[in-house]
Amino acid sequence: MEQYAVEDASLTSAREAGQRAESSPVSASGGAALRFLAASIGARSVVEVGTGCGSSGIWLLRGMRDESVLTSVDIEPEYQELARAAYRRAGFAAGRVRLILGRGLHVLPRLTDGAYDMVFVDAEQAAYPAYLAEALRLLRPGGIVVFNNALEAATNSDGPLSAPDPGTAAVREVARLVRDDEDLVPLLLPIGEGLLAAIREAPRDGG
Ligand SMILES: C[S@@+](CC[C@H](N)C(=O)[O-])C[C@H]1O[C@@H](n2cnc3c(N)ncnc32)[C@H](O)[C@@H]1O
């Protein structure tokens, strides 16, 4: 599957920078899925938690409309500087990305309700349920929330945890919340480390 999603030179360079910095860049297949999802809804406004060195951001921007803006949050200024360089190398004007330094759960509450088409969470797994609540507030009806690194926890959600692991427990919890919420259309994509996605449904007309 990795061979099918092709990286060009800018993506390879961003991923290699991320691997050197140990920021766990998204895989090519995971990135291609993010691009697909952003393109499928004509995304103009996307929030990302976990900028890293820019890999997922490039994939998202390639799926988003022209003139759209990616807002990306990370706690590491060095990573964000590498990401800024990666976006530039990939041909995106500086105005296409708003980089915010800080913890996602401190930054997201300051963003506008219902103003975003897509929220991608790729950081702080132990807080995934809190990020879901924030994402549902930020998304417009028809918008998509996506959590990375969900595969193992979401597919093994009933078994015992082998060790106390708040990250795995939280991913299981968010997988359950997404599946049980009648206002969400859930999907677990077994791609890369696993993408747990959900569409926030538009309210239906009565009847
Ligand atoms: C898996 S990496 C993100 C990789 C990135 N999406 C990519 O494809 O290159 C996780 C990132 O989250 C950042 N991070 C960790 N805790 C965070 C938090 N509470 N809020 C925002 N970013 C955080 C780390 O500094 C790291 O860059």
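How many of the six residues of β2 are buried? In this predicted model, five of the six are buried, so the strand is largely enclosed by the rest of the structure. Strand β2 runs parallel to β1, to which it is joined by five bridges, and in this pairing Val46 stands opposite Leu70 of β2.

The largest nonpolar core comprises 62 residues, and Val46 and Val119 are the residues with the most contacts inside it. When residues up to four places away in sequence are not counted, Val119 touches Val47, Ala135, Leu138, Leu139 and Val145. Two of these contacts, Ala135 and Leu138, are among the buried residues of helix α6 (residues 128-138), which also include Tyr128, Tyr131, Leu132, Glu134 and Leu136. The buried residues of α6 pack against β1 (45-49), α5 (104-107), β4 (116-121), β5 (139-147), α8 (166-180) and β7 (195-200). In an α-helix, residues three or four places apart point the same way, because there are 3.6 residues a turn.

The shell around the ligand holds 23 residues, of which Val26, Gly50, Gly52, Ser56 and Ala123 come nearest. By class, this shell has eight nonpolar, ten polar and five charged residues. Helix α3 (55-63) and strand β2 (69-74) each supply at least two residues of the shell.

Helix α3 also contains Trp59, which is buried because 28 other C-beta atoms lie within 10 Å, against a cut-off for burial of 20 or more. Apart from residues up to four places away in sequence, which are not counted, Trp59 touches Val26, Gly31, Ala32, Leu34 and Arg35; Val26 is also one of the residues that come nearest to the ligand. From C-alpha to C-alpha, Trp59 and Ile191 are 15 Å apart in space, with a separation of 132 residues in sequence.

Most residues other than glycine have a negative phi. Glu22, although not a glycine, has a positive phi of about 60 degrees, and Glu124, likewise not a glycine, has a positive phi of about 50 degrees. Glu22 lies in the loop between α1 (9-21) and α2 (28-40) and is exposed, with 10 other C-beta atoms within 10 Å. Glu124 lies in the loop between β4 and α6 and is partly exposed, with 17 other C-beta atoms within 10 Å.

Terms used:
Residues numbered from 1 in each chain as written. Predicted model: local features only at pLDDT ≥ 70, side-chain atom pairs only at ≥ 80, totals over all residues. Near = placed C-beta within 6 Å. Helix = DSSP H or I, 4+ residues; strand = E, 2+ residues; numbered from the N terminus. Nonpolar A, V, L, I, M, F, W, Y, C, P; charged D, E, K, R; others polar. Buried ≥ 20, exposed ≤ 12 C-beta atoms within 10 Å, placed from the backbone. Contact = placed C-beta atoms within 7 Å. Core = buried A, V, L, I, M, F, W, Y, C linked by C-beta atoms within 7 Å. Pairing = 2+ DSSP bridges.
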